[in-house]
Structures are given as structure tokens and as C-alpha cells.
Amino acid sequence: MLRILCLVSCVLLMPSRADPGALLKLGMDFMNKAVKDAMDESQILEKMAAMASQKQAGVKPIKGMTGMKVKEVTPPIITLEFLPGVGIFQCVSTRITITGKSFIGGTMEITVVVNITASNRLQQDEATGLPVFHSEGCQIILVSVKTNLPSNMLPKVVNKFLDSTLQKILPGMMCPAIDTVLEYVNHKWTNLTEPMPLGEAGSIKYILTGGPTTTASYIEVDFSPVVQREEGDTIDLPEDGAAVTVLGDYPDGSSQLVLSAALFTAELTLLRKSFDVDIKGKTIGKLPPHTTKTLARLVPRVRKAYRKPVPLMTQIRISKPPKVIMKAGKSQLHLHGTIEMFAVHPKSGPSSMFVLETHFSLDIQYSLSEDKVHMVTSMDKLLDLSVASSSIGSFKEKKLKEFLTSLLQEAYVPLINGALEVGFPLPDFLGTKYGQSELAIVENTLVVDLRTS
Ligand SMILES: *[C@@H]1O[C@H](CO)[C@@H](O)[C@H](O)[C@H]1NC(C)=O
Ligand SMILES: *[C@@H]1O[C@H](CO)[C@@H](O)[C@H](O)[C@H]1NC(C)=O
């Protein structure tokens with residue numbers, strides 16, 4: 001028994017596919033809004049009413065009734081339910097009133113309440129790679145019939161009417177209406193996998209990892225995002241930081257976009273060139289002058305080499321891919337590279353004094369606009385500093401820690417923030433605007449709590 005249990009759980013533990021770099025969990029609030037928007041935009045109600053009032057081929061006149069026409073189709077009540085493994089069950093409940101003249105004079109009315117039900121199967125379209133709904137098994141269920149016909153006419157006449165009219169005409173009229181609404185919903189996925197520019201360095205595409213899945217409380221769409229350089233080659237998402245954390249404690253019906261730290265790492269790798277910076281100029285904020293004189297206080301050898309103060313140039317080169325780390329409530333950008341200090345002679349130009357290997361971290365704050373997530377960084381700390389080479393002889397790099405930390409904060413961080421201003425595009429689907437959404441940082445993951453209003 002134990003062995004069997006182990007076998008079962010071991011199989012369950014095997015990842016069925018690679019960790020998605022991003023995923024969407026769409027709850028019922030979101031799907032209800034998507035369907036309601038589609039109904040509004042497709043003007044399906046107006047079209048249904050227009051169709052209903054047209055002369056329908058195949059409608060047998062009711063004996064004793066003339067001038068039959070559809071008087072009213074009430075706005076339908078739409079109910080959706082998730083069908084695990086399939087998609088969405090849709091029920092459209094509407095009341096239709098048909099009037100006519102009775103042979104004994106006076107107006108007659110027949111009011112029927114019908115439910116139109118269908119299963120909307122959610123799949124990945126083979127041609128486009130996009131999520132797509134197909135409706136299946138559209139059915140018309142007669143919920144109630146009311147008429148003002150004399151009661152002795154009721155059973156026979158009404159039954160005939162229901163047989164000939166409702167069962168023959170309504171499916172042809174109502175089922176295409178369901179399809180039309182779905183077409184609108186499907187159409188709103190169109191731009192999902194389109195490349196979106198990340199500044200001028202390249203682009204990102206949210207490609208589906210596989211078909212969407214449906215559970216009892218949400219639809220999940222997994223992405224294998226493609227981060228691509230302008231030149232064409234793609235940047236793989238690192239495996240480290242790709243396993244997203246999906247929180248279970250969101251209210252029922254809510255929806256989230258979940259983005260991995262690995263995705264941001266790949267996107268920042270794309271921007272890496274703009275992290276290589278030369279810091280020039282004597283005055284930097286409120287810092288002591290960016291000159292050999294200031295440096296000489298920390299490194300005596302500098303004073304020996306440069307008796308007269310000359311301006312400095314600090315060259316920062318990032319040598320490894322940037323790395324984004326996310327822990328509950330906190331996110332950091334880790335950069336590895338070199339800091340090279342030059343003395344800039346007014347006449348002979350820059351000459352290198354020393355090169356330091358370094359690793360430092362920046363804190364990241366995230367915010368949202370309609371279609372992007374934005375980052376602003378601030379200096380956290382220098383984690384590593386070691387002399388790689390020096391033309392002024394050996395010295396204690398530790399003494400430079402504070403000086404360099406301030407220099408990075410005042411001169412480097414603003415340039416990084418400038419480079420990050422391009423913003424990181426979010427999936428474009430079902431008309432989602434992200435501006436009102438809320439953000440949370442959890443292990444390896446940035447969670448965008450999607451708002452429906
Ligand atoms: C028809 O739809 C309404 C509204 O969704 C629901 O309350 C009712 O139970 C349905 N009736 C039948 C017979 O399916
Ligand atoms: C897709 O993007 C194009 C170009 O930006 C836009 O005109 C169109 O409305 C978008 N389509 C949808 C369904 O959002």
C-alpha cells in the first residue's frame with residue numbers, strides 16, 4: 001500500500017512541464033466582466049431583438065392567431081460556471097413575448113422564458129497559439145410559458161406553437177448569439193502573443209506554454225515569455241527564480257497575473273548595455289568633489305601619484321547578467337561587474353588608476369501603469385569589492401566602500417532608473433488595464449492582483 005501511495009505521489013510530484021515564466025489565473029469576476037463587455041460591444045441584444053422580429057421561415061401560424069410578432073426580448077441573465085478540464089458553462093436566460101390577434105378579437109400574448117445553455121470549451125488555437133473558446137452542445141430549455149389565451153385553447157395550441165416555433169426557430173436564433181459573444185471574447189486575445197517593445201533594446205512576447213487549463217474556480221494560462229533582442233537572438237529565462245509562487249489566499253473569484261523573478265532577470269539582461277556607465281564631472285550632487293584629492297584621503301597612494309588634484313572618471317561595467325531576487329515584500333537587483341577609476345588630465349586625457357571587481361545590490365520598487373510594470377531602484381549596498389588591477393600600487397579597497405556606495409547612489413542609480421523608464425510590458429488580453437491593480441512581492445514572484453472595475 002505504501003509503495004503504491006509513493007508511486008502515485010512521486011508521479012504527481014514530477015513536473016509535467018517547465019516552470020512558466022508568467023501565468024494568469026482568471027477567476028469568475030474577470031470572466032463575467034469579459035462576457036458582459038463582449039455582449040455590450042457585440043450589441044447582441046439589439047441584434048437578437050431585430051432577428052426575432054423578422055419573419056421567420058418555418059414558423060407555422062397558430063390556429064386562431066394572426067399577425068404574430070415578437071414584442072419583446074428582455075435583457076438576458078447570463079450565468080457562467082467553470083467546467084473543470086473543459087472551460088465555461090454558459091447559461092443565457094431570457095424572456096420572449098410574442099403577440100398576435102386572436103380570431104375572437106383582442107390581443108393575445110405568449111410569454112416564454114428560455115434558457116440557452118452551452119459549454120464553451122477553452123483550448124489553444126493551433127494556428128494562432130491563442131486561447132480560444134468554442135461553444136458546444138447549445139440547447140434551448142423551456143423554463144416557463146404564460147399566455148392570455150382562453151384556457152380551453154391552451155394545451156393544444158401552445159404545444160403546437162412551442163413545437164414548431166421554439167424548438168425549430170430559437171436554436172437557430174439564439175445559438176449563433178452565443179457564438180457571436182464568444183467571437184468577441186476570442187478576438188480580445190488577439191494581441192496577447194504579439195511582441196511588445198522593451199525600449200529600443202528588444203521586445204517581449206507572452207507565448208503560451210500549452211493549452212489553458214480550467215479548474216473549478218479559475219482558468220489558468222501559463223506563459224513561456226520570449227525576451228528577444230532587437231538583433232533577433234532570444235534571452236533564455238534563467239532556471240533559477242523561474243518557479244513562481246502561487247498564493248492560495250486570494251478571495252474566490254479574483255484574478256492574478258503572476259510574473260517570475262526570472263522573467264525580470266531576462267528583461268533586465270536585455271537592457272544590460274545601458275547599465276554600463278561612465279561617471280564624469282567634478283560635481284555630483286552633494287558629494288565631495290569627484291577628484292583625485294577626495295580619493296587621496298582614502299587611498300594615500302593616489303596623493304603620491306597625483307600631487308595636483310585632477311577630475312575623476314568612474315567607469316562602471318556590468319560583466320554578468322543582472323539578477324532580480326524576490327522575497328516576501330522585498331525585491332532586489334544584483335549587479336556584478338567592475339569599477340574602474342581614471343584620473344583625467346586636462347592635457348593627456350584619462351589614465352587608469354585601478355580596477356575593482358564588485359557586486360552590489362539595489363532595492364527595487366514596483367508600480368503599475370495601464371499596460372506596464374515600472375521599476376525604480378535605490379542603492380542597497382556594496383556586497384563585494386576587490387582590487388583586480390592597479391597602476392598605483394596596492395591599497396586597501398575597504399576604505400573605498402563608503403565613497404563608492406555614495407557615488408553609486410548619487411551618480412549611478414539615477415542613470416539606471418533612467419534606463420528602466422522604458423517599463424516592462426504586461427500581457428495584452430481581454431482589454432485589461434493594469435493601472436488600478438495592486439502588487440505584492442512573494443518568493444520569486446511579483447503578483448498583480450487584477451481588478452475588474
Ligand atoms: C434557467 O436560468 C436561470 C438563470 O440562470 C436559473 O435560475 C434557472 O434555474 C434555469 N432553469 C432551468 C430549467 O434550467
Ligand atoms: C491590437 O493592437 C492593435 C494595434 O495596437 C490595436 O489597434 C487593436 O485594437 C488591438 N486589438 C485588440 C483586440 O485589443
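# A walk through a predicted chain

Cys91 is a buried residue, with a relative accessible area of 10%. That puts Cys91 under the 20% cut-off for burial.

Let us take the whole chain next. There are 453 residues, and 46% of them count as buried. The secondary structure comes to eight helices and 21 strands. If you take the contacts between residues at least 6 apart in sequence, 67% of them join residues at least 24 apart. The accessible surface is about 22,800 Å², with 54% of that area belonging to carbon and sulfur atoms.

A search of the whole structure turns up one disulfide, and the residues it joins are Cys138 and Cys175, with an S to S distance of 1.9 Å. This pair links distant parts of the chain: Cys138 belongs to strand β6 (residues 131-147) and Cys175 to helix α4 (residues 154-187), 37 residues apart. What is the handedness of the disulfide between Cys138 and Cys175? The torsion about the S-S bond is about -80°, so the disulfide is left-handed. The two partners can be set side by side in terms of cover: Cys138 is partly exposed, at a relative accessible area of 28%, while Cys175 is buried, at 13%.

Now turn to helix α5, which spans residues 261-270 and is mostly covered, with 10 of its 10 residues buried. An α-helix has 3.6 residues a turn, so residues three or four places apart point the same way. In α5 the buried residues include Ala261, Leu263, Phe264 and Leu268, and Thr265, Glu267 and Thr269 are also among them.

Seven aromatic pairs are counted in the model.

Another edge-to-face pair is formed by Phe360 and Tyr412, with 5.7 Å between centres and 80° between planes. Here the partners come from strand β17 (residues 349-368), which holds Phe360, and helix α8 (residues 401-420), which holds Tyr412, so the pair ties together parts 52 residues apart in sequence. Phe360 is buried, with a relative accessible area of 0%, and Tyr412 is buried at 0%. Elsewhere, ring pairs join Phe30, Trp189 and Phe429 into a cluster. An aromatic ring can also take part in another kind of arrangement: the charged end of Lys25 sits over the ring of Tyr218, 4.4 Å from its centre.

The strands deserve a look of their own. In a regular strand the side chains alternate between the two faces of the sheet. Which residues of strand β15 (residues 323-327) are on its covered face, and which on its uncovered one? Val324 and Met326 make up the covered face, whereas Lys323, Ile325 and Lys327 make up the uncovered one. Strand β15 pairs with strand β16 (residues 330-345) in the antiparallel sense, over five bridges. Within that pairing, Ile325 stands opposite Gln332 of β16. The hairpin of β15 and β16 has two residues between the strands, and Gly329 in this hairpin takes a positive phi near 75°.

Ser203 lies in strand β8 (residues 202-208) and, at 15% relative accessibility, counts as buried. What is Ser203 in contact with, leaving aside its neighbours within four places in sequence? Its contacts are Pro195, Met196, Pro197, Leu198, Val226, Val227, Gln228 and Leu270. Leu270 takes us back to α5, where Leu270 is one of the buried residues.

Asn32 lies in helix α2 (residues 28-42) and is partly exposed, with a relative accessible area of 34%. Asn32 and Ile78 are 46 residues apart along the chain, and their C-alpha atoms are separated by 8.5 Å.

Technical notes:
Residues are numbered from 1 along each chain as its sequence is written. Chains are lettered from A and ligands numbered from 1 in the order in which they are written. This is a predicted model: local features need pLDDT of at least 70, side-chain atom pairs count only at pLDDT 80 or more; totals for chains, interfaces and linings use all residues. Side-chain values use heavy atoms; hydrogens and water are left out. Buried means under 20% relative accessible area, exposed over 50%, partly exposed in between (1.4 Å probe, protein chains only). Helices (H or I, at least four residues) and strands (E, at least two) are DSSP runs, numbered from the N terminus. Two strands pair if DSSP finds at least two bridges between them. Rings of Phe, Tyr and Trp (its six-membered ring) pair if their centres lie within 6.5 Å; planes under 30 degrees apart count as stacked, over 60 as edge-to-face and the rest as tilted. A charge sits over a ring if NZ of Lys or CZ of Arg is within 6 Å of the ring centre and within 35 degrees of the ring normal. Contact means heavy atoms within 4.5 Å. Accessible areas come from the Shrake-Rupley method with a 1.4 Å probe; for residues, only the protein chains shown count as cover. A disulfide is a pair of cysteine sulfur atoms within 2.5 Å.
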